[in-house]
Amino acid sequence: MAKIFLTAFLSPALSIFLLTVMATDVFATQAVPKKNITLKNTSCIQCHEAQNRSLIKDWQNSAHATAEPVVDCVSCHGSLHSNMASTARHDDSCTGCHGGEKAPVAHSYASSKHGSLMRIEKNTYDWNQPFILANYRTPGCGYCHMYQSNHNVSSTVRHELMNGKTDNSEIEKVQDKMRQACQTCHAPRYISLLFSNGEAMLEIARKKVREAKAVIDQAENHFNENQLAPAKQQFKKMQQHLRNVHLGIGHQSPDYQWWHGQPALDGDLLRIKDSIGELQRLKAINESRSDAVSD
Amino acid sequence: MKRRFPLYLLVPLLIALISVPTGFFYVDWNKSGEGAGLYSRDWKPEAIFAYWNPKDFYQSVDTVVGVFDGEQCVQCHQGVTPGIVNDWRKSRHAKPSGQQATVYCSDCHGNNHEDLHLPTPDVCGSCHDKQHGEFIDEKRYGFPSHSLAMERALDAKHFADKPKAEVTACLQCHSVASKCDSCHTRHLFSAAEARRPEACITCHSGPPHPDDETYFHSKHGQLYLAEGENWDWSKPLSKGNYPAPTCAYCHMDAGKHQVADKSIWQFGIKQVNPLTAGNIVKRKQWIDLCSDCHEKDWSADRLKEMDAERKRAWKKLYKAESILKSLRSDKLLFPSAKQRPFYPMNSESDLLHYERIGFFEGQASAFYNVSALERDYFEMWYFENLTAYKGAAHGDASFIKKGHEAMDKSLKLIQDKADRLRFIGELENNIKNDQQKYAPEKLWKNGEYTLYNRDNN
């Protein structure tokens, strides 16, 4: 009698109980890591690759993944699984590596209207919201550079900013990516005109740099390294001022487009001409003297 | 006997009757070109100017056809541009108090989608007439002013001369005259937001006007940074409402929408006598304002310190200016005004070419196409001088020091360079054969940007 009872009732019940416990346990470890567990990048990827393969792939295609040291999940999200998304969405998680608040890349944003509003309002936003459909009144770094959780940040940045080489083939790709974020607030014509005017403004800045480069290159034939040192020193500043124009356009900071950009380049150019012009003038004086001696 | 109208009155009268209307006609004619402002016939606007100066340049899109009422605008744009609709929903326009009617998109932009307009201050002024009236009234105090910012930018010689894609950068800030959302950003148009110092700093930053840094460095600014988050920004800018002043508290006291009536030093770009009758009245206004928190005598002393700082600064600036002017009179500035691209809006055919030194000669446009020495003085005057000035005005001792140290360094550099120019000039004058003298034109009047700037403005 007891045997019948055991086989008929208890063993299925026990099996179900055991299976349920085991299954729950398995689900539990797969779903969310415990809040106080410190995570490493590899453990994030294992799980999130299964959940959202393209997100991991985007990150792998970004400059962050190949940077030295690598900028991985925990670099921005922290290593505790609670509030991971909102932690990374704050601008501080970007500026920490990108030179701090005073660096041109961050300061050009901070001095834009978007940046001003962010300073006033950041504590009033719900940072648990995704970067989509104007969930934030003003965009921070991530809203534009990681719109719709795009983890390939490099797809929103022109490589010219990093390596100084102009590559016109990437202009359209980057603009298309950016447009998605801009158009949640701004009109299509406004965005297109800002893009095209920005390209024109940047090209003007490049013209100044190329003019200075041509002057220095030409002078290489006549003067030595020591004589050209001041002009070359000035040319280095010019690179930064060109970058300022670029950042000013990208982040819509009038101050970086103008005071830290275009008129600064004007000053660089005339100082380079002045330095090399003086060398040429002294050379002419010397030559006239040796002519006088030989006469 | 018939009395003749005396000739000495008749002639000037006739001259005046002819020349004054001709003058007005000439200015109007100049302003009627494709661009805008005094040199409107010399340049064409970039398409983007429509957004910075809508009055002169905005034309509606015609991509959407139809006449819509306010609710329809909102419904469609909730999907197209949700950000601006979210803003509007939070604004007073969407939720007016009392009996006031809701202000919809169409009330400011028009309801015909093929004939939309960007709201200019007049449009805002049709309801906010007090604020708009104060804003427009600012014009009578002259420049610098918010209200005159656009027209003075368009009238600037370097603005007319430079490629327009480049000077787009200028209009973004100077558009403060053309639209109210420079300070009350669209489409929330919040008074509380404009009361915060951050509302000003997008334009009031950078080398010639480091208002942001000097304010944030000051004790006032430090208090704001430490506690500002907890202040009630819905309160008007008047006595007792704020523990420390912000930009607007002092410059737009009681919310008055003009900033120029108390201006004594006029942005620090020219020397002024602070003790004229008019300026003493302004000084009294400042002291009254400071005494919202401080003692009157203490406040008066701070202003006296600023007088002294300005006096010191101008001593240095005039010294530098006289070095440059004496080089100019000895024809030693190199390259000279003729040997380099001409001063903006001058041309080959002009009779007189000379180097612009000092505010009253138009130095403001002389930051490019000039010799390095002139640029050094430009930076001393416009960057370093104003660094010290803003430090003194906003209570940031570190910027007073920084500005004056930079001016001392520049003055020495200018003196050294001037000596060098004199020395080289003398050597060159010893060359008897003019053919052997160096001609700088080839270097200075050529080059990719220089030629582009010559041919395109």
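**Close-ups of the chain A and chain B contact**

**View 1. A salt bridge joins Arg210(A) to Glu448(B).** In this predicted model, the two side chains meet with 2.7 Å from N to O. Zoom out to the whole interface of chain B and chain A, and the rule finds 10 salt bridges there.

**View 2. Several helices build the side of chain B that touches chain A.** At least two residues each come from α2 (49-52), α5 (82-90), α11 (164-174), α13 (198-201), α19 (372-394), α20 (397-429), α21 (441-444) and α22 (448-455) of chain B. The most comes from α11(B), which puts in 8 residues. Sort this side of chain B by class and you get 38 nonpolar, 21 polar and 16 charged residues.

**View 3. Here is the contact between chain B and chain A as a whole.** Chain B brings 75 residues to it, and chain A brings 56 residues. Interface size is often quoted as the accessible area lost when the parts come together. For chain B and chain A, the two bury about 5800 Å² between them, with 59% of that on carbon and sulfur atoms.

**View 4. Asn30(B) sits in helix α1 of chain B.** That helix covers residues 7-30. Is Asn30(B) buried or exposed? Asn30(B) counts as buried because its relative accessible area is 15%, and the cut-off for buried is under 20%. Leaving out residues up to four places away in sequence, Asn30(B) touches Gly37(B), Leu38(B), Tyr39(B), Ser40(B) and Arg41(B).

Conventions: Residues are numbered from 1 along each chain as its sequence is written. Chains are lettered from A and ligands numbered from 1 in the order in which they are written. This is a predicted model: local features need pLDDT of at least 70, side-chain atom pairs count only at pLDDT 80 or more; totals for chains, interfaces and linings use all residues. Side-chain values use heavy atoms; hydrogens and water are left out. Contact means heavy atoms within 4.5 Å. Buried area is the accessible area (1.4 Å probe) that two parts lose on being put together, summed over both. A salt bridge is a side-chain nitrogen of Lys or Arg within 4 Å of a carboxyl oxygen of Asp or Glu. Helices (H or I, at least four residues) and strands (E, at least two) are DSSP runs, numbered from the N terminus. Ala, Val, Leu, Ile, Met, Phe, Trp, Tyr, Cys and Pro count as nonpolar, Asp, Glu, Lys and Arg as charged, and the others, Gly among them, as polar. Buried means under 20% relative accessible area, exposed over 50%, partly exposed in between (1.4 Å probe, protein chains only).
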